[in-house]
Amino acid sequence: MADHFFTFSIITLSLFVVASSGGLESELVADLLTLQAESKSGVIHLDDRTVSKFLTSPRTPRPYSFLIFFDAANFHDKPELRLRELRREFEIVASSFITNHNSSNTKLFFGDIEFRESQSSFQLFGVNSLPHVRLVGPTAKSLKDDSDVMDQGDFSRLAESMAEFVQYRTKLTVGPIHRPPALSKMQLGLITALLLLCLPLVAKRIFAGETLLHDPKIWLSGAVFVYFFSVSGAMHNIIRKMPMFLVDRNDPNKLVFFYQGSGMQLGAEGFAVGFLYTVVGLLLAFVTHVLVYVKDATAKRLAMLFTLLVSFWAVKKVILLDNWKTGYGIHGFWPSSWN
Amino acid sequence: MSNSYTSDILKPFKLKTKQQELLIRVLILCLVYILAFITRLFSVLRYESMIHEFDPYFNYRTTLYVTQHGFYDFWNWFDYESWYPLGRIVGGTLYPGLMVTAALIYRLLHFLRFAVHIREVCVLTAPFFASNTTLVAYFFGKEIWDSGAGLVAAILIAVCPGYISRSVAGSYDNEGVAIFALLFTFYLFVKAVNTGSLAWGLASAFGYFYMVSAWGGYVFIINLIPLYVLVLLITGRYSMRLYVAYNCLYILGMLLAMQIRFVGFQHVQSGEHMAAMGVFFLMQVFYFLDWVKHMLSDTNLFQEFLRITVTCAVAVGGIALGVGMASGYISPWTGRFYSLLDPTYAKDHIPIIASVSEHQPTAWSSFMFDFHILLFLFPAGLYFCFKRLSDATIFIVMYGLTSMYFAGVMVRLILVATPAVCLISAIAVSATVKNLTVLLRSKTKVAQIGSTKGTSSAKASSKASLDQSQPFQKNGAMALLFGAFYLLSRYATHCTWVTSEAYSSPSIVLAARGAHGNRVIFDDYREAYFWLRQNTPLDAKVMSWWDYGYQITAMGNRTVIVDNNTWNNTHIATVGRAMSSYEDEAYEIIRSLDVDYVLVVFGGVTGYSSDDINKFLWMVRIGGGVFPVIKEPDYLVNGEYRIDKGAAPKMLNCLMYKLSYYRFGEMMTEYGKPPGYDRARGVEIGNKDIKLEHLEEAFTTSNWIVRIYKVKPPNNRW
């Protein structure tokens, strides 16, 4: 009888354990879903406690995968890491995934960990460089060795390539990426309405000829700005996302402002040279059109001298820089007997 | 005694000052005309008279076709030798202006009994048109400023590297003719606006027609001119002259442009041309308002009327545009156009545009390289233009600024900006030099510096100059003048050097410096193409990356799968997929495309860096864009592109790698380095034991730059 009771109790006990572990899992998933719903973008903020609760403590296989973005608030101002941008893209992937599955997919969750507040988790994952994104699969026992790292190539095309990585590794489809429109529909409507309202007023002023648009000075400054913008290679900086300067690899205290090699440039470098270009031209205009009205002869001469020197210096500097950058030695073609 | 004798003889030839000036001007123009031509002949002197680059080979082939078969056959030509098995409707997919021009010159020369070969005509077309451009620049400069500025502009544009880069002898491309047409159209239009004459308007419409027939860049004209008109309207410079000029250009130009099959109804349907149409209707509204204002005497009544009309007009326009877009009648902007307005667009969405090296954004050094001192003079020129605002100077300022912006987005558009930069800088140079020389020649203390300000403000400036002493004594003027001429001489040196060293290489024949400073010529491309022509069956199909398509059809006379006319992205992606798959997978694609030979370009022996291995990532990207089985990370190691032992396994075994490095592992390329040392990338290759199963090596050129493989027939099944 006692024997009987014993086996019975074992069966019930084990049944209980199974039931409770199943219950635990569904509880975890429910927790995650609420956390996900609380977060604006659907990315769950993890810290040391929640990492152990959702990732280290539950037995494998876990019923879900976790894609984790490792963030560090104090590195946000380093442009070469692109943390902010990547994080935004990560959030886009997360929210797209959630909307495409009507918030009902419990196979994959998105999370982020902040360095300052959860340093031990960083150690747990063995993360020592950023940006870093890791996929923890359902079967991963050791967070450091069994999880997949998203490599640089998968960041390259931002949200799209991250989504591909997810699809490839988890066999879950992310679906179309929903990027938030630059202006919401409401704003767009308001702007058009405002524009339509303003239009008659603007037209009236145009006909009367009394707008800012009739002031050549504004047009001139705009023109010079456009000129400066293009010759300084600002477009290049925007398209290629070039940083303003680099840190010297050999000596971290030194900053590199000029990049050797044609077809590439750094931000500050372009602006410096663009400024030199502009200065010479404007000084010439100044000398021929403004200086002549100055009454004082000495002031005039000093200004003249100053202009000459500055222009000379600027032109020389630019030519030197260009020769250094491109590595070309430009020379004339004189008759060979002259040498 | 003898002195007076000669002067007696010369008396009938003695010229008045005005005549002397004219003579000097004409002489200078003649010299500039010749200079513009001969400075572009460096390439012929250094290499030989041949066609350069890639696209010109297609143009050459089609020109040959025009001269042999006549215009109508050319217009209806279906080319089955490219884009196999799709083919290409040539007449409907090209801008025929260049070919027809060259064919006409050829006919004319033959009519005059000059028995030249059509190739020579093609080679020299671009320099000839560059010379003509200098003349147009002179007249344009004269129109917007004065004849001095015109002369300077002609000189500057004759040698400006930004223009030379696309117009050296042998670069037989649309741009060579198109820049002439562009500037000519602008000149005629400005002339029409200045005079208000219907004849000039008509001429500008025909100039526009020529431009449309020559180059896709005509879209720039059809957007810039409406923008210019809009600015004039906004700044209150509407006039009857403008009305006549614009309407004439738009209506006639549109009708003429629609005769070009490649443009056709796009001119009234596509989004790129809608600005012109909108401005056209706006002009009518303005004209109407002007008329009503003329009829109504009450200003209040007119204001009310104005408000209602403008609102209605804009609303109707907006609705029409919306309906047009929604119903699909107006097509949206094309990717190329869109990537100009939002430059980051192409990088993310159209790899085939982003992959071309001339579509890269411009760094400051490229501006410096192509414009040199013109860059310093440009802001000064802008300032001068603003000081003497007229319809013409507003036009040149707008042309300069818009093209400068586009030049910042894409390297190749520096070409379009060049004429504007030259003209605006010429204004700066000419006005400054004129001032200074006037100052130097004047004997009295009264300065005449204000003279640049033109006639409109002459009164004010003379008033100012009365109570001013010399702004900078003659010495100062001398120093400035000397500085200006020094700069100009540096410009000439720079341009000559750049032309001869950087822009005159044909890129089909490569030159390098040997160990002893002597020049080594690699003529592998032509060797390979002639091999194809001599040794393969007439109907053989050759697969290569699209860069070499035009050259293979033109020189090898064999059918290609894809070529530089990148109209079908899927087809290109198929080739990209074949190149980046394993050999057996690639073999199936190759069989399905009916390919007989595969051609790859390889620079590992010579150190030639723009070969297929360096372009390979683009093949993967373009292939992966259509076929997701191809994934870029598979070919990279930690985001790094490698070909040595640490390379990705997929990379080491893909078709492109195998074909490039087949038997390369046995070869010593450099002393002191192991066999299989790739000189283009400076590493030892990772897979030296390459076995080919379905392809066999057919031909490798003397410097290994081009390698051709024959596709084996399938194995017997029993």
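Author: We may; please keep in mind that this is a predicted model. Side chains of opposite charge can pair when their charged atoms come close. Over all chains, the structure holds 29 salt bridges.

Reader: Which residue forms a salt bridge with R46(B)?

Author: The partner is E501(B), and the closest N and O atoms of the pair are 3.6 Å apart. This pair links distant parts of the chain: R46(B) belongs to helix 3 (residues 42–46) of chain B and E501(B) to helix 25 (residues 474–501) of chain B, 455 residues apart.

Reader: How many salt bridges are counted between chain B and chain A?

Author: The count there is zero. On the side of chain B that touches chain A, helix 21 (residues 374–387) of chain B gives the most, with eleven residues.

Reader: What area is buried between chain B and chain A, and what do carbon and sulfur atoms give?

Author: About 6,400 Å² is buried between the two chains, and carbon and sulfur atoms give 75% of that area. W364(B), F376(B) and W497(B) supply 14% of the area that chain B buries against chain A, more than any other three residues. In terms of contacts, 71 residues of chain B meet 68 residues of chain A.

Reader: Let us turn to sheets. In what order do the five strands of the open sheet in chain A stand?

Author: Strands of a sheet pair through backbone hydrogen bonds, either parallel or antiparallel. In chain A the order is 1-3-2-4-5, and the pairing is mixed. Strand 1 (43–46) and strand 5 (148–150) of chain A each have a single partner strand, so one side of each is left without a neighbour in the sheet. On average, neighbouring strands of this sheet are turned by 30° against each other, direction ignored.

Reader: In which sense do strand 2 and strand 3 of chain A pair?

Author: Strand 2 (residues 65–71) and strand 3 (residues 108–114) of chain A pair in the parallel sense, over seven bridges. Within this pairing, F69(A) stands opposite D112(A) of strand 3 of chain A. Helix 2 (residues 48–56) of chain A packs on the sheet, where it touches strand 1, strand 2, strand 3 and strand 4 (132–136) of chain A; the direction of helix 2 makes about 115° with that of strand 1 of chain A. Helix 3 (residues 83–100) of chain A also packs on the sheet and touches strand 1, strand 2, strand 3 and strand 4 of chain A, with its direction at about 160° to that of strand 2 of chain A.

Reader: In what order do the five strands of the open sheet in chain B stand?

Author: The order in chain B is 6-5-7-11-10, again with mixed pairing. Strand 6 (559–560) and strand 10 (695–700) of chain B stand at the edges; each has a single partner strand, so one side of each is left without a neighbour in the sheet. Strand 7 (residues 597–601) and strand 11 (residues 706–711) of chain B run antiparallel and are joined by five bridges. One residue of this pairing is V600(B), whose bridge partner in strand 11 of chain B is R707(B). Helix 26 (residues 524–535) of chain B lies across strand 5 (541–543), strand 7, strand 10 and strand 11 of chain B, running at about 25° to strand 11 of chain B.

Reader: How many residues lie between strand 3 and strand 4 of chain B in their hairpin?

Author: Five residues lie between them, and G517(B) in the turn has a positive phi of about 85°. Strand 3 (residues 510–513) and strand 4 (residues 519–522) of chain B pair in the antiparallel sense over four bridges. The bridge partner of L510(B) in strand 4 of chain B is F522(B).

Note on methods
Residues are numbered from 1 along each chain as its sequence is written. Chains are lettered from A and ligands numbered from 1 in the order in which they are written. This is a predicted model: local features need pLDDT of at least 70, side-chain atom pairs count only at pLDDT 80 or more; totals for chains, interfaces and linings use all residues. Side-chain values use heavy atoms; hydrogens and water are left out. Two strands pair if DSSP finds at least two bridges between them. Helices (H or I, at least four residues) and strands (E, at least two) are DSSP runs, numbered from the N terminus. Axes are lines fitted to C-alpha atoms, for helices over the stretch in contact, and angles run from 0 to 180 degrees between N-to-C directions. Contact means heavy atoms within 4.5 Å. Buried area is the accessible area (1.4 Å probe) that two parts lose on being put together, summed over both. A salt bridge is a side-chain nitrogen of Lys or Arg within 4 Å of a carboxyl oxygen of Asp or Glu.
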